[in-house]
Amino acid sequence: MRERAVSGHPDSTGRTPGATLQSVTERDGRTKASGGGRRRPLGRCDDNAAGLADYRAAFQAARMPMAVLNRDGLVLAANPAFGELVGTDPDDLVAATAADLTDLGADPRVWTAYREVLCGRSDRLRCTRRLKHPDGHSVWVEVTVEPQMGEDGVLLSVDDISDRHDLLARLRHLQMHDPVTRLPNRALFFERLSGALETAAFEPAGTGRIGLCYLDLDGFKAVNDTLGHRVGDRLLSAVAQRLLRCAETAGDRGPAHGGHLVARLGGDEFAILVEDSTGTDQLAELAQCVLDALQRPFDLAGQRLSVSASIGVVERTASGTTATGLMQAADTTLFWAKEDGKARWTLFDPERNAHRMTRQALSSTLRPAVDRGEFTLEYQPLVGLGDGRAQGVEALVRWRHPQFGTLSPNRFIALAEENGAIVELGRWVLERACHQARAWQLAHPGGQPLFVSVNVAVRQVWDSDLVADVAGILAETGLPPRLLQLELTESAVMGSAGRPLQALQALSDMGVRIAIDDFGTGYSNLAYLSRLPVSVLKLDGSFVHGFRSQEHPNPADEMIVEALVALAHRLGLTVTAECVESAEQAERLRRIGCDTGQGWLYSRPVAPDRVAALLDAGRRTDC
Ligand code: C2E
Ligand code: MG
Ligand code: MG
């Protein structure tokens, strides 16, 4: 709240009180009394002169400062108590601008509310102001402005609430400050932040922007744990002092008003609020100043301590920003600063945030999406390179997301693995794919049936009873085990011991084939793989890419694949090449000895009815 000396200013339009009085006098048809200059503000009810006299006497004798104003906010009459409050003869206050006398113009919200009462759109304004008494001391007052009963004027009364205010202020200080660092606490910080956001929307003179440095000390817990809470508290207090100095220095150079608010939000978290910020440069400079300041070691209790801080920096326009929104952004940015290696500041990045939000949104809705049936399967043929006939299909899951459209597995499988939803999703895929394969088999009893190849994530092996699930699903659907293939990545089976190895063995014993997916992207340890119950190797697409150009063949690629295929065959494994896109690639893979191919050359992944059409047409793979 701003402190203002009470004086007779020109009003906000720049008119002098005298000039205003002139026009008001003419408009109201009221006359200024001669001699003592006393006016008759309460006049009009001449028929009730006695009552009026009492009213006036009470007005004059009242200990509460009061003034009657006209609808332009100019004083028509002021009582002696009011004169005493502002240190002027009440008669000399006539035609003065009341808002100047009681500091109603300094706060845009108060000013707007005051104008509403003057023009009759509101019944009352009550606000607290701090005025400077003529003897120099400050007084806290409650100013009430309300229409004068039965009159056209407005009554302004001023109640001295200094004692109450001081007591409340002391209580509030205790409530709103952190006892360790003496900085404003979380409650006060949020109050100031909300106030700053509101003011920025009202204040045309400001930049309309707001900035925040949200910082967390790296390794503070270790100090607390090893040296005790007393040293921890002293360190926090010393950090607070350095932050205050940074905020003051930066504030001095700031455009609008000096000093930014430094608060302790809890634990080892601090925030510096920059009202009326000028842009990200200003915040970046402040954040760097904080990092530099904290880099110097602290000498406490005979110990030399070093800490660093991670800082999330957010700077944006105030309009449309909420306190919660700003804090969330700051929190996310602080997390990035930590994630990026600590001891640094990081600026909020809307794109990185959108990515995070989408990840979060997807992750949290994965599980219910399985129940809501938002997933579907497409199938991509696995084709014999020798005869060009489809032998099986790989089931590939898609998410028909109500908000984001159809999502490819690359967008959500890793998330499902992270949060465990893969177990449920994987079970659904397995069940759906087996049902489908059995349906195709029944619909085409004469021919060689298609097998279905299902991707299995490592977590499914660890966190669910995959063997029991597979056995149950095969029994339920009636699909022969030889028509099911499970694809696991190299990393999932490498180092298999105990449970995963037993599971693979049990599945293999059941007659289910195990394939290693994306072979070549991991350890590529064929000798090791040969000791596991694996029967198929799916060569990663990157090997096949090198085969693309007929004119510039890369002999090294070809030699590696040739050697791999030969070795795999010697170990009893069959080889499928992924990502076969051209006839040349297919031909060279065939020559090298690859058994099957999968890729756009034959077909993109397609809906199940397209696979049925392929079967009906005698397995030509151009669906
Ligand atoms: P993957 O098992 O290696 O599947 C092959 C991927 O290569 C598929 O991508 C397929 O559309 C794509 N592809 C096929 N032919 C070509 C080609 O000629 N050129 C190129 N450039 N790409 C080709 P998709 O469907 O996006 O699947 C990506 C990955 O998501 C799969 O890779 C698999 O690791 C995973 N995935 C898919 N469905 C499931 C599932 O049900 N469970 C689990 N755990 N993972 C799945
Ligand atoms: Mg696969
Ligand atoms: Mg693959």
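Colleague: Okay, where does Asp-518 lie?

Modeller: Asp-518 lies in strand 19. Strands here are DSSP runs of E with at least two residues, helices are H or I runs of at least four, and both are numbered from the N terminus. Before we go on: this is a predicted model, where local features need pLDDT of at least 70, side-chain atom pairs count only at pLDDT 80 or more, and totals for chains, interfaces and linings use all residues. Residues are numbered from 1 along each chain as its sequence is written, chains are lettered from A and ligands numbered from 1 in the order in which they are written, and side-chain values use heavy atoms, with hydrogens and water left out.

Colleague: Fine. What about the backbone at Asp-518, is phi positive or negative?

Modeller: Positive, about 55 degrees, although Asp-518 is not a glycine. Asp-518 counts as partly exposed at 24% relative accessibility. The cut-offs are under 20% relative accessible area for buried, over 50% for exposed and partly exposed in between, with a 1.4 Å probe and protein chains only.

Colleague: Which metal does Asp-518 coordinate?

Modeller: The magnesium ion (ligand 3), together with Asp-517 and Glu-578, at 2.1 to 2.8 Å. Donors are N, O and S atoms within 2.8 Å of the metal (3.2 Å for Na, K and Ca), and water is not among the atoms, so sites may look incomplete. The sequence spacing is D-D-x59-E.

Colleague: So which parts of the chain does that site tie together?

Modeller: Asp-517 is in strand 19 (residues 513-519) and Glu-578 is in the loop between strand 21 (574-577) and helix 22 (583-592), so the pair ties together parts 61 residues apart in sequence. Asp-517 is buried, with a relative accessible area of 8%, and Glu-578 is buried too, at 9%.

Colleague: What coordinates the other magnesium, ligand 2?

Modeller: Glu-394 (OE), Asn-455 (OD1), Glu-487 (OE) and Asp-517 (OD), at 2.1 to 2.3 Å. Glu-394 in strand 15 (residues 390-401) and Glu-487 in strand 18 (residues 484-489) are 93 residues apart. Both Glu-394 and Glu-487 are buried.

Colleague: How far apart are the magnesium ions, ligand 2 and ligand 3?

Modeller: They lie 3.8 Å apart, and Asp-517 bridges them.

Colleague: Switching to ligand 1. Which residues come nearest?

Modeller: Gln-380, Glu-394, Asp-517, Glu-581 and Trp-600, out of 21 residues around ligand 1. A residue is near if one of its heavy atoms lies within 4 Å. Strand 15 gives the most to that shell, with four residues.

Colleague: And which polar side-chain atom lies 2.6 Å from a nitrogen of ligand 1?

Modeller: One from Glu-581. A polar backbone atom of Trp-600 is 2.9 Å from an oxygen of ligand 1, and an N or O atom in the side chain of Asp-518 is 3.0 Å from an oxygen of ligand 1.

Colleague: How much of ligand 1 does the protein cover?

Modeller: 83% of the 800 Å² of accessible area that ligand 1 has on its own. Those areas come from the Shrake-Rupley method with a 1.4 Å probe.

Colleague: Last one: where does Lys-342 lie?

Modeller: In the loop between helix 11 (323-339) and strand 13 (345-347). Lys-342 has a positive phi of about 65 degrees although it is not a glycine, and Lys-342 is partly exposed at 40%.

Note on methods: A polar contact is a pair of N or O atoms within 3.5 Å; within protein, one must be able to donate a hydrogen and the other to accept it, and residues adjacent in sequence count only if both atoms are side-chain atoms.
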